[in-house]
Structures are given as C-alpha cells and as structure tokens.
Amino acid sequence: MHPTSKSQSLRYAVSGLLAALTGMAVGHLVAAFVNPAASPVLSVGSTVIDATPTPVKEWAVQNFGNADKPILLGSVGLVTALAAMVIGLVARKRPSAAGVLVVLLAGLAGLAAMLRPTAGPVDILPAFAAAVVGAAVLFGLLRLLGSGTTTAAERSTDSGRASGSSPTPESPLDHSAQAPGVPSTTGRRNFLLGAAGATVGAAAVGALGQKLAAAPTLPSSVALPAPQNTAAALPAGLETKVKGISAFSTPIKEFYRVDTALVIPRIDVQTWELEITGDVDKPYTLTFDELIKMPMIEKHITLNCVSNEVGGPYISSTLWQGVLVKDLLERAGVKSGVDQILSESTDGMTISTPIEALTDDREAMIAVAMNGEPLPARHGFPARMVTPGLYGFVGATKWVTKLTATTYAKDEAYWTKRDWLIDGTVKTQARIDTPRGLATYKPGKIAIGGVAWAQRRGIKEVEVRVDDGPWQKATLGPDGGTDYWRQWYWEWDAKSGRHDLTVRATDGTGEVQTEKRADPFPGGASGYHSIVVLVS
Ligand SMILES: Nc1nc2c(c(=O)[nH]1)N[C@H]1C(S)=C(S)[C@@H](COP(=O)(O)O)O[C@H]1N2
Ligand SMILES: [Mo]
C-alpha cells in the first residue's frame, strides 16, 4: 500500500475511534443524570459480568482481586475501540454504512442497558445520546478528511516546505505522488484540530459524568440517633504488639468490598424507602427517618465473602449499628410457611436469607452505620442487611429497599440461580497474616500471627505447626464476641531453612476446622492456611 494511503487509513480509523469515545463519554454524562448504571460502557460491562460463567468469574476474582472491574471495563473499552476503528475504515469507502454501524454499536449498549434487571425507560437515553454524538463526530471528522483535498497550488507549497527544494508547480512527478482524496496541509491541520477537539471534549465530558455520578453521603440534616442497646467497647487488639497482624477492628477504608455493581448506587435518603411485604399480615413501607426512629442496636460483627480463598483478603470486622430485622418482620406479622426473606437492592441484587437466621438471637439487622459513621456508599448507603454467621451473599444485602417474606420453592435469588449453595453458613477458618509467604527472614524469634473466625460459634483455640512438627497452641487476642474474629500469635524460634507454617482453629463447640480442601464455589473454601517462609 502507498504510505500516504496508509496514513490516510489511520486517519479514518482514528475518526471511528474518536466517534466511539465521544459517544461513550456523552452517554456516560447523560447516565449521570438518568441512572449512572445505564452508562454505555458500564451497562455492557454489567451484562458481561452477569453472563460470565461462575468458574471464569471465580478465576478472575482470584487472579485479579480488586482489579477485576477495571480489567473488565478496560476489555470492554478495548473491544469497542477496535470495533470503532473498523467502522472508521469502512467509512472511507461507505460513509453511510459506517453511520449505520455506529448506531448499531450504540444500540448494543442501549440493549444492554434496557436488559438490566432494574432498567427503566429513561435508561435508553445514554445510548441514544451516544449514537447521535458518535454519528455526528464521525461525519464531522469525515468532512474534515474529505474537505481539504489537495489543490495544485497547495500541493506546490506543500512539497516545497517538506523537501526544501525549489518549488516546481504542476510537476507531473509531484502530482503522481499525491494519492486521490489525500488532504492538503490545511486539511490535515483541520483534521488534527478536529480530532484533538473530540479527544479533549470526550475526556472532559466523561470526567464530568464521572464526577456527577459520585457517591452520596448522609446530609448533615439527618443525624443518626444513638443506639438504645450499645455494645461494650472493644479491648485493644494485638496489632500494636504483633506487627503485621490484621487490626482487631478493620479501618473502614480497608474494609473489603465485594459486589456486582460497576457504579456504586447513588441513593437519596430523602426518597429511600424500605418495603416489607410478601406473605405477611400487614405489609408496610418505612422512610429512612422512620427506620432510624425505631430502637437500634450495636454489635461487633465479622463479615466475610464466600468467594474468599483459604488465606484470602475478603473478610473484615467492625461495629455495626441498625434496627433488628426481627423487629421489622414482627411488625409485619410473617405468616406460617415462610422459610426465607428475599431482600432486594436498588441495583437489582436479590439475596435469600433463611427466616430463622433473621429472627433468632443472633441479632441480624438492617444496618445504617459502621464504626459509628453512616454507611459509606460502597458498603450499602443508606441501609444494608448484616446477618452474623452467614457469608455476605446470603445475608448482607447492600442498598436494600425491599424484604419479601416467601419460600425457597417460590423465589430464587441471584447467586442461587448461579448454582451457589442456599446454605451460606460460615466455615471455621484461620489465616496467617504475618510472616508473609515466600519472604525471607533472619533466624531467631519471629511472631507468627493472624486472625481466626467461626461466627456464631466463636474461637476456642488456634494452633500453629512448623513443617511436620507438633501443633503449638497460639495465644489468643481479646474476645470480641462469638460473631467476631479472634486475633492470635505464636512466637517461633526460627532456624535457617525453608519452612512450612500452617494454622488451624477450633471453634467454640470444640470442633477443629476441617483439613479437607474445598474451593470457594459453591459453599465456601475450607482447608488449613499454609505458607512457606525462608529463613537465612
Ligand atoms: N446489593 C448488593 N449487595 C451485596 C452484594 C451485591 O453484589 N449487591 N454482594 C454481597 C456479597 S457477595 C458480600 S460478600 C457482601 C460484601 O459486603 P461489603 O462489600 O460491604 O464488604 O455484600 C453482599 N451484598
Ligand atoms: Mo460474598
């Protein structure tokens, strides 16, 4: 191919790319007003998440951790960019076909947005805006590409400038060097200006959309009342004594986050409502003000994710404040035969929780505060469920708006449809936080420490083993209650060499955690946490 023609192809590909970028950016901005989740790139991303088979999703969570979403969105962006560049190339020969393809591409995003479980009619608007702007930018750039087609006079100045040779206007050689439809300097400059403008515009508009979609907090006019039933303050944890051990109370900024939401739902407390319905005598709805006027309790609870690998990071602990689910259900009068409460959130999540877990003495709650502060948006603002003893996927609905008394036979929750178990009882586990696996340490005294948990049962004992040696009893940290994790440590006199360190916990009933390894899917990981350290 002729080099000039090659760079001309590049300009067409760039036109397609910029059309898609500006379209997506404008769609993102429009979505900030109608529904942030309806942003073209986000709704396509969410559709991909929901359509991904469970094993692939597990693999992504294990391998990418918290980077799984940026990587997913990056991939969606990359595929879109490639498609857009192809559309740009098509536009060189068939501009109207390219226009149709831009509209189709935006249409796919619109379809994804409309098929989201919580989609409303306005959710089509971002994709519509993306189609209009995308097509406009494409045709705008095409015009610039076509507009400055070389005139003889311009060509002469062109070649003169480029080569520094004396101008030879109308030379046949000069003429043949110019491919048909190739823009002059003016045309190229106009195209570059247009492209730069589209790039800057897309970036500015996208950033504005991102800012407008930012998560809300409790307005200063709404003050959380103190709980009637306060929890005793936690004793100081071991973290000051054992370097590298998880803090007894997880700093809220470090609290793990697991959910399917690509944009954190923005909920206005003034319009938020909690509906209690289903097989109940008196269904009712509460505003946020009415909810927090009910008696509230406080409780130290450890929350963990069923997707956590043995030794994994998806576990955190804090003080929660909220209204007992039991009180909320009592007021509605749950009919006999009900075996689950199906909770729903603004982002379309559905979670089944066994009715006993919500009504027995474990104090499951609709929480409105963590560690004395209103829930951060990413942890469920303004209200979420917390059920001690159950993994989050069956008891910790964030951004909750509806509780339906029903049966497992009648209603199936999001994860159940994806073959995760209905029984989400937390398994007894222990984790080594320090020393770090595969790190090298000097011989001598090394504190081995970490956390152990068995919510509802509590931790009675933690033991550590070095290589094939005997199980050594670890010292336990303070007791934060049966629903709270327990810190532990054991001082090791490390000798040179490569060593395996293994930990196991015994729960409050005297049962030692199982050694049998299980993957997180479908009901939570099991097995002993073991690391290798090098001493030299
Ligand atoms: N609305 C909603 N709630 C949700 C989820 C979700 O995807 N959407 N994920 C659940 C899962 S799997 C877990 S482990 C916990 C995690 O809560 P956190 O992010 O506050 O730690 O939230 C639960 N609640
Ligand atoms: Mo989870």
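1. A nitrogen atom of ligand 1 sits 3.2 Å from an N or O atom in the side chain of S345. The protein covers 99% of the 530 Å² of accessible area that ligand 1 has on its own. The model is a predicted one, and the distances and areas in this note are computed from it.

2. Two further contacts involve oxygen atoms of ligand 1. The side chain of R384 places an N or O atom 2.7 Å from an oxygen atom of the ligand. For T260 the backbone takes part instead: one of its N or O atoms is 3.0 Å from an oxygen atom of ligand 1.

3. The surroundings of ligand 1 comprise 20 residues, and the closest are Y256, H379, R384, A396 and K398. By class, this shell holds 10 nonpolar, five polar and five charged residues.

4. R384 also belongs to the sheet pairing. Strand β9 covers residues 384-386 and runs antiparallel to β7, with three bridges between them. In this pair, R384 of β9 is the bridge partner of A367.

5. Strand β7 (residues 365-370) deserves a look of its own. Six of its six residues are buried, so the strand is largely enclosed by the rest of the structure. Burial here means a relative accessible area under 20%.

6. Another covered strand is β11 (residues 429-434), where six of six residues are buried. It pairs with β13 (residues 444-453) in the antiparallel sense, over five bridges. I432 has its bridge partner in β13, namely G450.

7. An open sheet of five strands runs in the order β12-β19-β18-β14-β15, and its pairing is mixed. The edge strands are β12 (440-441) and β15 (472-473); each has a single partner strand, so one side of each lacks a neighbour in the sheet.

8. Inside that sheet, β18 (residues 497-507) and β19 (residues 529-535) run antiparallel and are joined by seven bridges. One residue pair to check is V503 with H529, its bridge partner in β19.

9. A polar atom of the Q513 side chain lies 3.0 Å from the backbone oxygen of G527.

10. Helix α9 spans residues 185-212, which is 28 residues. At 1.5 Å a residue the helix should span 40 Å, and its end C-alpha atoms are 40 Å apart, which agrees. The buried residues of α9 are G187, F191, A195, A198, A202, G206 and G209.

Conventions
Residues are numbered from 1 along each chain as its sequence is written. Chains are lettered from A and ligands numbered from 1 in the order in which they are written. This is a predicted model: local features need pLDDT of at least 70, side-chain atom pairs count only at pLDDT 80 or more; totals for chains, interfaces and linings use all residues. Side-chain values use heavy atoms; hydrogens and water are left out. Two strands pair if DSSP finds at least two bridges between them. Helices (H or I, at least four residues) and strands (E, at least two) are DSSP runs, numbered from the N terminus. The expected span of a helix is 1.5 Å times one less than its number of residues. Buried means under 20% relative accessible area, exposed over 50%, partly exposed in between (1.4 Å probe, protein chains only). A residue is near a molecule or strand if one of its heavy atoms lies within 4 Å of it. A polar contact is a pair of N or O atoms within 3.5 Å; within protein, one must be able to donate a hydrogen and the other to accept it, and residues adjacent in sequence count only if both atoms are side-chain atoms. Accessible areas come from the Shrake-Rupley method with a 1.4 Å probe; for residues, only the protein chains shown count as cover. Ala, Val, Leu, Ile, Met, Phe, Trp, Tyr, Cys and Pro count as nonpolar, Asp, Glu, Lys and Arg as charged, and the others, Gly among them, as polar.
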